[in-house]
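Welcome to this short tour! Open your viewer, keep the selection tool handy, and follow the stops in order.

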Amino acid sequence: MEHNEYNDLMKRIKCTDEFRSEMQKKLSSEPIAMESYEDSVSGTDIAPKRSWTRYAAMAAAFVLVCGSVGGAAYAFRQHDKNQPSHGISASTGPAAVTELTEVSDTTEVTTGATSATIMEAVPSSTILALFPDAHEFSKVQFRSGPTMVPQGKLLYGKKIRKYDVVDYDGLKNKIASIEWTECSEDEVMEKETFNDNELVISSGSYNILTLNIYADGYLNKGGKYYKPLNEADFSNVSNILTEHFVLDEGSALADMISSGLPKNLDADYTFSTPYETSSGKIVYDGEKNTMYMTGEGSMNNGEKSVEMIMKPDGGNYDTWKGAPTALKVSDTAGNHESSLVYSYSNGILEYQPSFHYVYLLKDIERDIVEGENNREVVDFTQSEENGNKVYSFRTLSMLETDGKYTITLDQNDHLISCEIYSNGSFAMSFKLENYKFDTEDFTMDDYSGLYDEIAKEAETDMNR
Amino acid sequence: MNNSALYAFNKYCDTVLRTAFAMTGSYPEAEDITQEVFLTLHAKPQNFESEEHMKAWLLRAAINRCKNYRISAHVRRNQPLDDELSDKLSCEFSPRDNEIREMIHKLPEKYASVIFLYYFEEYTVKEIAGLLGKSENTVSSLLQRGRKKLKMILIKEGYEYGAQRV
């Protein structure tokens with residue numbers, strides 16, 4: 001069987017329209033407790049067969065928010081009768097007719113040049129009910145940056161931080177004491193996201209389990225969105241969050257590592273894993289987004305030397321695109337073995353040190369605060385050694401992998417070494433020596449010619 | 001981040017279906033498994049950190065269910081793919097497709113899952129290790145043995161480590 005045969009067949013495996021439609025109905029209804037569908041890792045229980053009739057569709061009642069360009073809309077919600085308070089927002093429009101239309105539970109009135117929407121406040125009990133019980137979560141997560149990433153790519157540029165909550169009941173009560181009204185998802189997305197090339201970037205929200213509290217003051221849970229009825233309360237929400245959310249130790253370290261990204265770097269390094277050991281030189285120019293590295297050592301089952309150049313101004317390491325990088329591998333006698341052009345964010349790990357110092361920082365940041373499988377940071381300690389800050393901690397994930405990290409930062413939060421153990425076994429170490437960070441008169445040789453040269457060799461290698 | 005099951009289904013239903021198909025070789029079973037995965041998510045919402053996290057959870061859930069199917073004595077097999085799907089899918093499947101499906105079906109799930117994740121979903125060994133809770137060495141070993149078992153030419157020179165050329 002050829003690789004492309006396998007992939008071709010897989011590509012043709014798609015959900016049928018019938019299946020898709022039925023599932024969308026089920027997933028739009030209220031969920032039904034399904035003991036038989038509990039997650040199982042043991043592989044001992046036999047999954048039930050599909051039975052559509054088991055899941056009687058329960059029509060979800062959605063109240064449409066009225067609104068139209070150039071028109072005016074008065075929306076009267078009927079789902080909560082016990083809340084008398086209203087707010088008004090206005091926008092201008094050219095509509096010149098007045099009409100009254102009643103559709104279902106929504107009444108629209110279109111007037112002249114100025115339109116207005118009367119917004120009904122939701123009861124505080126509705127807002128309180130959005131919050132999960134305290135025992136259901138341990139941390140609040142803040143997320144900002146790209147909301148999704150192309151398949152198969154690593155995601156950089158995303159910021160995740162974890163917070164401990166101080167006085168959760170106080171937080172809930174303060175938030176619920178604000179007058180809230182429902183708003184549309186479109187309004188929230190318009191305010192909270194923006195486009196950057198092909199990516200949709202989120203300005204950030206705090207997540208308490210499935211409740212999202214946007215830093216700008218919106219709330220979202222499930223398909224419902226809320227905003228303060230009064231403009232002044234947007235900033236009050238932000239103040240409440242600041243008062244009750246405290247950055248945890250791991251996220252504080254992640255902040256330091258992130259801020260320690262150098263403007264430039266000139267250093268010697270040593271790198272080792274259980275399978276490879278190498279040492280060499282790094283020259284990094286953050287302004288031009290380029291880096292040159294050399295390395296010699298035991299790599300990929302043999303003694304090798306590598307030369308790597310990240311294309312000047314070629315790419316953006318804050319996004320999935322990564323920076324195009326050319327890598328040349330030679331044997332100990334200097335004979336050419338192979339050349340390759342790749343993007344780090346594609347996850348290539350063919351030759352070490354085919355990583356970038358910048359990405360090393362980002363990977364560690366990810367390990368601490370993102371991590372797949374809800375990784376937690378535990379046993380966090382801090383000490384000082386030769387004027388540097390040494391942080392040690394363990395990471396635990398739900399997949400029960402145990403990582404042990406020792407990270408050393410200089411006084412300006414530049415990472416100068418890290419050592420990682422996984423499940424008790426040595427996994428990786430990286431150390432800078434003779435390092436110079438952020439030199440004022442830093443200059444870097446022009447390696448663009450080298451990039452082109454290696455890229456050409458890579459093309460030849462590909463066509464062999 | 002929209003964590004709803006409906007959003008997840010609309011975005012990843014084909015991915016989950018393919019994962020299940022890659023492990024069972026049966027379209028009806030893959031559909032059953034897909035249904036279970038998303039209904040479970042609907043009943044027990046998860047707090048996904050990212051799209052990647054959501055996708056990884058769905059893949060993991062699908063793979064776990066496939067293991068269950070594989071130990072079931074009642075699962076349907078050996079039905080030609082074109083017969084299974086003739087009433088549902090608009091595309092046609094050749095006898096060769098059925099041969100491939102048979103190979104998938106005969107492959108132990110431990111190989112089928114890593115081969116699908118590596119070669120079709122283009123996850124790295126490291127990512128698969130995290131997703132399946134195995135060491136990177138184990139995943140690499142499974143890939144190698146899976147390749148031998150299938151006797152298939154899955155990769156061309158230059159793609160051995162999953163790199164995508166720029």
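Start by selecting chain A, which has 9 helices and 24 strands (helices are DSSP runs of H or I with at least four residues, strands are runs of E with at least two, and both are numbered from the N terminus). Of the 464 residues of chain A, 32% count as buried; a residue is buried if 20 or more other C-beta atoms, placed from the backbone, lie within 10 Å of its own, exposed if 12 or fewer, and partly exposed in between.

Before moving on, a word on what you are looking at. This is a predicted model, in which local features need pLDDT of at least 70 and side-chain atom pairs count only at pLDDT 80 or more, while totals for chains, interfaces and linings use all residues. Residues are numbered from 1 along each chain as its sequence is written, and chains are lettered from A and ligands numbered from 1 in the order in which they are written.

Now select chain B. It holds 8 helices and 0 strands, and buried residues make up 50% of its 166 residues.

Next, pick residues 27–43 of chain B, which form helix α2. Its 17 residues reach 24 Å from first C-alpha to last, close to the 24 Å expected at 1.5 Å a residue (the expected span is 1.5 Å times one less than the number of residues). Is α2(B) enclosed or open? Since 14 of its 17 residues are buried, α2(B) is largely enclosed by the rest of the structure.

α1(B) and α2(B) pack at an angle of about 145°, with their axes 8 Å apart (axes are lines fitted to C-alpha atoms over the stretch in contact, and angles run from 0 to 180 degrees between N-to-C directions). To see where they meet, show residues including Phe9(B), Leu17(B) and Phe21(B) from α1(B), and Ile33(B), Val37(B) and Leu41(B) from α2(B); two residues are in contact if their C-beta atoms, placed from the backbone, lie within 7 Å.

Where pLDDT is low, the predicted coordinates should not be read in detail.
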